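Please read the numbered points with the sequence and model at hand.

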Amino acid sequence: MTPLDRLIESYYKTKLNIMMVSLAFLGVMGALIRIFWFTPLDAYQGMVQKIFYIHLPCAIVTFVAFFGVFLASIIFLKTRSGIADDLASSLAEVGVFFCSLVLITGPIWAKPAWGAYWTWDNRLTTTLILWVLYVGYLLLRQLSLESERGKIAAAILGIIAFLDVPIIKMSVTWWRSIHPTVLSGTPGTGLDPSMGRTLGISLGAFLFFFTILFIERFALARAGTLIKRARMSMEVL
Amino acid sequence: MEYLAIAYLILWGTLFVYLGRLSAKNGELFKNLRILVEYWDEQASKDSPQGR
């Protein structure tokens, strides 16, 4: 067991996990209550605009997770560290979960706002490509049966796939798009301060929720690695 | 709309209950893992040429 595994063990032993899950629960519930009952309605879109406070934080969390995969993959290719590989696989799984939420909440909002669940808009298409790339990453890991060559191939894919993230960010600037740019609009546009605060709270809550999911998934990945190593050492003997 | 918001809160609440149970199971796994790793280490040291 590495010091990191001992740290994970003490995380569970001290029941810190239950405290963290409870805090994440309170955070997300608090954010949702604020979104539904204490944030003004959008003048044009009404109630449906409230999905924005979940859609955007999920998108930001997705980018954070995939940036983590990108960094961990680079470290893995340089050091062949098992911890870096576990980090990358765990972050990719949690990232795909949040990316799926983005792709679900987006069309729900798009139907009343644009009149269609889906259009092949630049931002929508590049986000769908991102999701497909990371689902492919997870499939590659599964199909390569966690072999060393499979891990290397997955790390390369994890790095290349991340190049789509800046393209998503810039897609509304580089090309014409119907997707709104709420946070980088021209002066005089953008969010009402109260809506901005709600967005901040929601982002904080979702980042914390993401952290909890990541810790749980990473702990599971470490447990799997430890069992595999112990089994291999027993077979050698 | 109010009912929809409450249903949505309940959905998230249910998800967190599930997450809490999952986390508790992960805790159990790590507790058992410690026992397993110690057992394996013991066996490995017994079976090694120095241990025999």
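How many helices and how many strands does chain A have? Chain A has eight helices and zero strands, where helices (H or I, at least four residues) and strands (E, at least two) are DSSP runs numbered from the N terminus.

1. Basis of the note. This is a predicted model, in which local features need pLDDT of at least 70 and side-chain atom pairs count only at pLDDT 80 or more, while totals for chains, interfaces and linings use all residues. Residues are numbered from 1 along each chain as its sequence is written, chains are lettered from A and ligands numbered from 1 in the order in which they are written, and side-chain values use heavy atoms, with hydrogens and water left out.

2. Overall form of chain A. Read from the N terminus, its elements follow the order α-α-α-α-α-α-α-α. Along the principal axes, the C-alpha atoms of chain A fill a box of roughly 70 × 40 × 30 Å.

3. H4(A) against H5(A). Helix H4 (residues 82–114) of chain A and H5(A) have axes that come within 9 Å and cross at roughly 150°; axes are lines fitted to C-alpha atoms, for helices over the stretch in contact, and angles run from 0 to 180 degrees between N-to-C directions. H4(A) is therefore roughly antiparallel to H5(A), a term for angles over 145 degrees, whereas those under 35 count as roughly parallel, 65 to 115 as roughly perpendicular and the rest as oblique. Residues of H4(A) in the contact (heavy atoms within 4.5 Å) include A:Val96, A:Leu103 and A:Trp114, and those of H5(A) include A:Trp131 and A:Arg141. The residues of this contact comprise 15 nonpolar, three polar and three charged; Ala, Val, Leu, Ile, Met, Phe, Trp, Tyr, Cys and Pro count as nonpolar, Asp, Glu, Lys and Arg as charged, and the others, Gly among them, as polar.

4. H5(A) against H7(A). The axes of H5(A) and helix H7 (residues 164–174) of chain A lie 8 Å apart, at an angle of about 170°. H5(A) is therefore roughly antiparallel to H7(A). Among the contact residues are A:Ile129 and A:Leu133 of H5(A), together with A:Ile168 and A:Val172 of H7(A). Seven nonpolar, four polar and three charged residues make up the contact of H5(A) with H7(A).

5. H3(A) against H5(A). Helix H3 (residues 52–79) of chain A and helix H5 (residues 122–143) of chain A cross at roughly 45°, their axes coming within 13 Å. H3(A) and H5(A) are therefore oblique to each other. A:Thr62, A:Phe63, A:Phe66 and A:Val69 of H3(A) meet A:Leu130, A:Tyr134 and A:Tyr137 of H5(A). By class, the residues of this contact are six nonpolar, one polar and no charged.

6. Salt bridges. The count over all chains is eight salt bridges, each a side-chain nitrogen of Lys or Arg within 4 Å of a carboxyl oxygen of Asp or Glu. One of them joins A:Arg222 to A:Asp5, with the closest N and O atoms 2.9 Å apart. Because A:Arg222 lies in helix H8 (residues 193–236) of chain A and A:Asp5 in helix H1 (residues 3–13) of chain A, the pair ties together parts that are 217 residues apart in sequence.

7. The interface. Chain A contributes 33 residues and chain B 25 residues to the contact. The two chains bury about 2,700 Å² between them, 82% of it on carbon and sulfur atoms; buried area is the accessible area (1.4 Å probe) that two parts lose on being put together, summed over both. One salt bridge is found across this interface. B:Arg34 forms a salt bridge with A:Glu9, and the closest N and O atoms are 3.0 Å apart.
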